[in-house]
Amino acid sequence: MSAELLGQSRGSSHQGDSLFERSILSLAFVPVGLLLLLVALLWYDAWPALARYGVRFFTTNTWDPVFENFGAAAFIYGTVITSLLGLVIATPLAIGAALFLAAYAPEWLQGPVAFTIELLAAIPSIIYGLWGFFVLAPLMRSTVEPFLKETLGAIPILGALFSGPTIGKDLLTAGLILAIMILPTITSISREVIRSVPDNQREGMLGLGATRFEMIRYAVLPYARPGLIGAAILGLARALGETMAVTMVIGNSSTRITPSLFTPGYTLASVIANQFTEADKEIYFSAIVALSLVLLLVSLVLNVMARVLVARTTRGPLGVRN
Amino acid sequence: MPKTSNRLLISLLALVVALVVAACGGGTQPATAPKVTEAPKPAPTMAPAASKPADAPKTTGGGSIGGPFQGEAKQLNGAGATFPAALYSKWFNEYNKVTGVQVNYQSIGSGGGIKGISDATVDFGASDAPMSDEQLKAAKGEVLHIPMALGAVVPTYNMAEVKDVLKFTPDTLAGIFLGDITKWNDAKLVADNPALANINKDIIVIHRSDGSGTTSIWVDYLSTVNQKWAGSVGRGTSVNWPVGLGGKGNEGVAGEVKNNPYSIGYVELIYAIQNKLPAGQVKNKAGKFVTPDLNSVTAAAAGISAKLPADLRFSMVNAEGEASYPIAGATWFLVYKEMPDKAKAVALTRLMWWNIHDAQKLSAELGYAPLPQAMVAKGEEKIKSITTSGQPAFPGK
């Protein structure tokens, strides 16, 4: 009797187990299926434009709904440049802040500052956009950009980045606002990553007579490197897809690609948001859907590149792991 | 200690959030909030000829809409242009009081309105630009254009040094937006505005970044008056701008203009009036510099009334007449001529009849120019031609 009961209960728990396994298996495929459906739908709607323009869609930068010439090069350029600019500005700042919070800050300061940073990450992007529009862009136009033009603009080659009229609505301002927006994301993840470095790593290093800086340099950072790069990738992902805030400060103009960061630009996400509602012609609509496919592709490429980078950097010495 | 700091921070933040929300709430109040609805008279800015239809619907043949009608649908769905959205929401609110019919209008843009009526996913579409021949062919039946209200687009600028209102000609406007005129002290501009002679500054051009009926009217005008524009940029709800920065919406363009000294952009007349933006005068076909206001827009409508095309897909830009403001346009209802659903057909024809008659007196209060008599008459013909299963749909009252 008791053996039977035991057997039964074991049997049913085994059944329950496999049922559970099967259900979570199907759940795991939901995101995969959604992605495939999404790509299929985008592909279907984008096909007329892709078929008609082919490679030209990616290599030319005329976007003319009236005469039906569609080329996305300027938008791809704007997306990549502003996102990378944001990443390059934000990452060192974020890691510096995270290091201070995780390794230097007194206990009573850590909580409030970390809390504030996490709140920053939760601010809706339109608020950053409005601030960028009313505060940052005028400041860039009147003070920062003329200063950059006078100082860095005189240097050969590098100076090309800081030439032309300073309007304040341009790639540089967009990159800056993106940097501000992804800063909290990278900071708070980096802080967690640095905190998760085992104490015996640090203690061992300090035990060897290292200074605090040497401890960070030789024990903490190498151990945390993959996690830090991961944090930067998440920041990049946010920057790539950011729409509203960028739209408000980038100038929304696709007329040309120049090396100057003072050129008004356009990003893929901004074009889609701006022009989708009034895309009344079939081919125009299709071209806009094709843009979203391109955006997906650009994020994919940048993500893969970042992952390769992670793989490369994690191959080296990592400090002593447990 | 961290606990108290946290709590302090949270309460501080709550305060900030509350302030922001309050500020936003204040900002999004429609600028028309101070109600002037009580004034029974149509605004005095209307031309005498145009003020008639609103007051005297009976003289135009058919009855007026006085209450609910047996067997009509109680709900209608429409979508389209954002430009008349404020007007439509006022109209439909009033109409609901008169007849009990609920009209849902989604202001998703003219393109969306055209798409909606083509796919028959809405009962009526609304658009600031008439449908093209191809679009008409792609629809599921014959689509009628019925004009509802008139608007205008005005050049607005940021020029602190010059107190006089700036004057623009077709040549100078096209030149600026083509990027051919790049300085404020360009000889062509100085010819009409001597005060600009000393303004040796680059012109910053601002245009809409989103597709829009406002852009459609603006470039329709530039295409009409300038060969080079017509050939290289053309007409549409969004175009390939040769120069300039894009702002999203009227508020985006106005904001860019305000933020950038020596800039010039274009916004809807209503938006410029409500926000007291500087608006330039534009030289019309008769060679007069005209200030944009409801008067000069209705004058433009009267100017083209004599030669309205049969399908009412007209353009109002560069209209004849001494007082006509040249950069104006209409906004249309798009409906099927044959509507199989009788209840909806009755309700929709009654709604449109009310729109072009009783509702017109609400237009001026909200900054839209009312339709002139000739357009109302043409609209009536169109409404009467609508059928349901082959029978006329409009019950006549």
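## Chain A

Helices (H or I, at least four residues) and strands (E, at least two) are DSSP runs, numbered from the N terminus. By that rule chain A has eleven helices and two strands, in the sequence order α-α-β-β-α-α-α-α-α-α-α-α-α.

This is a predicted model: local features need pLDDT of at least 70, side-chain atom pairs count only at pLDDT 80 or more, and totals for chains, interfaces and linings use all residues. Residues are numbered from 1 along each chain as its sequence is written, chains are lettered from A and ligands numbered from 1 in the order in which they are written, and side-chain values use heavy atoms, with hydrogens and water left out.

## Overall dimensions

The C-alpha trace of chain A spans about 85 × 60 × 35 Å along its principal axes. Of the 322 residues in chain A, 45% are buried (under 20% relative accessible area, 1.4 Å probe, protein chains only).

## Where chain A meets chain B

Chain A contributes 33 residues to the contact and chain B 41 residues, contact meaning heavy atoms within 4.5 Å. Together the two chains bury about 2900 Å², 54% of it on carbon and sulfur atoms; this is the accessible area (1.4 Å probe) lost on being put together, summed over both. On the chain A side, V66(A), E278(A) and D280(A) lose the most area to chain B, together 20% of what that side buries.

One salt bridge is found across the interface (a side-chain nitrogen of Lys or Arg within 4 Å of a carboxyl oxygen of Asp or Glu). It joins K169(A) to E256(B), with the closest N and O atoms 2.4 Å apart.

Notes:
Buried < 20%, exposed > 50% of the residue type's maximum accessible area, 1.4 Å probe, protein only.
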